[in-house]
Amino acid sequence: MASEVGPAQSVLLVGTPSASSSDLQSQLVALQSAVTESGKVALEQLDRLTSVQLPTSSYDRVLCGMVGDGKEVFSNDVLAKLLTSLKPGGKLVLAEPVGIGGSEHSVLSKLKLSGFVDSEAKLVGSTVHAVAAKPQYEVGASARLQLSFAKKPAAQPSKQAVKVWQLSAEDFDDDLDDILGGDDGEDLLDEEDIAMATTAPKQSDCSTKKRACKGCTCGRAEAEATSDDSANAAESSAAGPMPASSCGNCYLGDAFRCSSCPYRGQPAFKPGEKITLTATQMAADK
């Protein structure tokens, strides 16, 4: 067991009820000799671990179940307490019986759940010997992360990547023009295609009729619509703006109209109905 420790190390030996006082004393002497005068060896009984307060991050090695018949099983609470007493990177050396503690896998799982890392286990007779380490940081330790939110410049493509996407005349095959039928593609048409093009029905034409056809497709309907809109605009411009009624009775008829009303002589109309007045009607009487 003394081979598990080194000079100047701080060691905790956990005694079990099955270990005799003489065995514990002999192991303490051997461990103290291994750690030399600059090291330290402490003894604590397993049944007192739950009631005592172990120093935090003080030991380089903790030895459990190494003295006695090795029939004791270490609970997760005990292992978690021993983990707290170890220095970061310190190691736990553990021995448990196979019949009670289970297989090597169960011991490794228990060590992992207790917070240990880099666990290794091997079967020696009817006992599982395991070695596990405390992480290189304290439980609950924190560190500041160096984050940079500066906008990084866009990565420029390499010359090789640019060259891949460049095209030159050598990349084209002269036979490609023959496949596509030359410049205009006329060679792709056969005699049947040309015959269909020459016998296609002609576009309907209503230029000889008085008005455009109902389904006119030659463009005459659009031309007539544009012409009618222009004529209406010109007539409205010649007539001038519509006069505003000052009495509100113009639509009732001449009996209700003023003597100078421009609507005199016009039949009655509905309110809001558009009435077209000529330039002569808009002029005042002389």
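In helix α1, the residues L24, L28, L31 and V35 are buried. Seen down the axis of α1, these buried residues fall within an arc of 70 degrees, so they line one face of the helix. The model described here is predicted. Its strands include an open sheet of six, in the order β2-β1-β3-β4-β6-β5 with mixed pairing, and a search of the whole structure finds three salt bridges.

**Helix α1 and the residue that follows**

- Helix α1 covers residues 21-35, and its 15 residues should span 21 Å at 1.5 Å a residue; the end C-alpha atoms are 21 Å apart, which agrees.
- The buried residues of α1 pack against β1, β2 and β3.
- On the other side of α1, the residues S22, V29 and S33 are exposed.
- After α1 comes T36, whose phi is positive, near 65 degrees.
- T36 takes this positive phi although it is not a glycine, and it lies in the loop between α1 and β2.
- With a relative accessible area of 33%, T36 is partly exposed.

**The sheet**

- The six strands form an open sheet in the order β2-β1-β3-β4-β6-β5, and their pairing is mixed.
- Strands β2 (40-45) and β5 stand at the edges with a single partner strand each, so one side of each is left without a neighbour in the sheet.
- From one strand to the next, the twist averages 15 degrees.
- Strands β5 and β6 pair in the antiparallel sense, over six bridges.
- The bridge partner of L123 is V128, in β6.
- Helix α2 packs on the sheet and touches β1 (10-15), β3 and β4; the direction of α2 makes about 150 degrees with that of β4.
- Helix α4 lies across β4, β5 and β6, and runs at about 155 degrees to β5.

**Helix α4**

- In helix α4 (residues 104-113), the buried residues are V107, K110 and L111.
- Seen down the axis of α4, the buried residues fall within an arc of 100 degrees, so they line one face of the helix.
- These buried residues of α4 pack against α2 (76-85), β4 (86-97), β5 (117-124) and β6 (127-133).
- The face of α4 turned away from the buried side carries the exposed residues H105, K112 and L113.
- Just after α4, the residue G115 takes a positive phi of about 110 degrees.

**Salt bridges**

- The side chains of E96 and K110 meet in a salt bridge at 2.7 Å, N to O.
- E96 lies in strand β4 and K110 in helix α4, so this pair ties together parts that are 14 residues apart in sequence.
- Both E96 and K110 are buried, and K110 is also one of the buried residues of α4.
- A salt bridge joins the side chains of K87 and D60 at 3.6 Å, N to O.
- This pair links distant parts of the chain, with K87 in strand β4 and D60 in strand β3 (residues 59-64), 27 residues apart.
- K87 is partly exposed, with a relative accessible area of 31%, whereas D60 counts as buried at 16% relative accessibility.
- The side chains of R48 and E44 also meet in a salt bridge, at 3.7 Å, N to O.
- R48 is partly exposed, with a relative accessible area of 44%, while E44 is buried, with a relative accessible area of 18%.

- Most residues other than glycine have a negative phi.
- D118 has a phi near 50 degrees, a positive value in a residue other than glycine.
- At 65% relative accessibility, D118 counts as exposed.

Key. Residues are numbered from 1 along each chain as its sequence is written. This is a predicted model: local features need pLDDT of at least 70, side-chain atom pairs count only at pLDDT 80 or more; totals for chains, interfaces and linings use all residues. Side-chain values use heavy atoms; hydrogens and water are left out. Buried means under 20% relative accessible area, exposed over 50%, partly exposed in between (1.4 Å probe, protein chains only). Helices (H or I, at least four residues) and strands (E, at least two) are DSSP runs, numbered from the N terminus. The arc is that of the directions from the helix axis to the C-beta atoms. Contact means heavy atoms within 4.5 Å. A salt bridge is a side-chain nitrogen of Lys or Arg within 4 Å of a carboxyl oxygen of Asp or Glu. Two strands pair if DSSP finds at least two bridges between them. Axes are lines fitted to C-alpha atoms, for helices over the stretch in contact, and angles run from 0 to 180 degrees between N-to-C directions. The expected span of a helix is 1.5 Å times one less than its number of residues.
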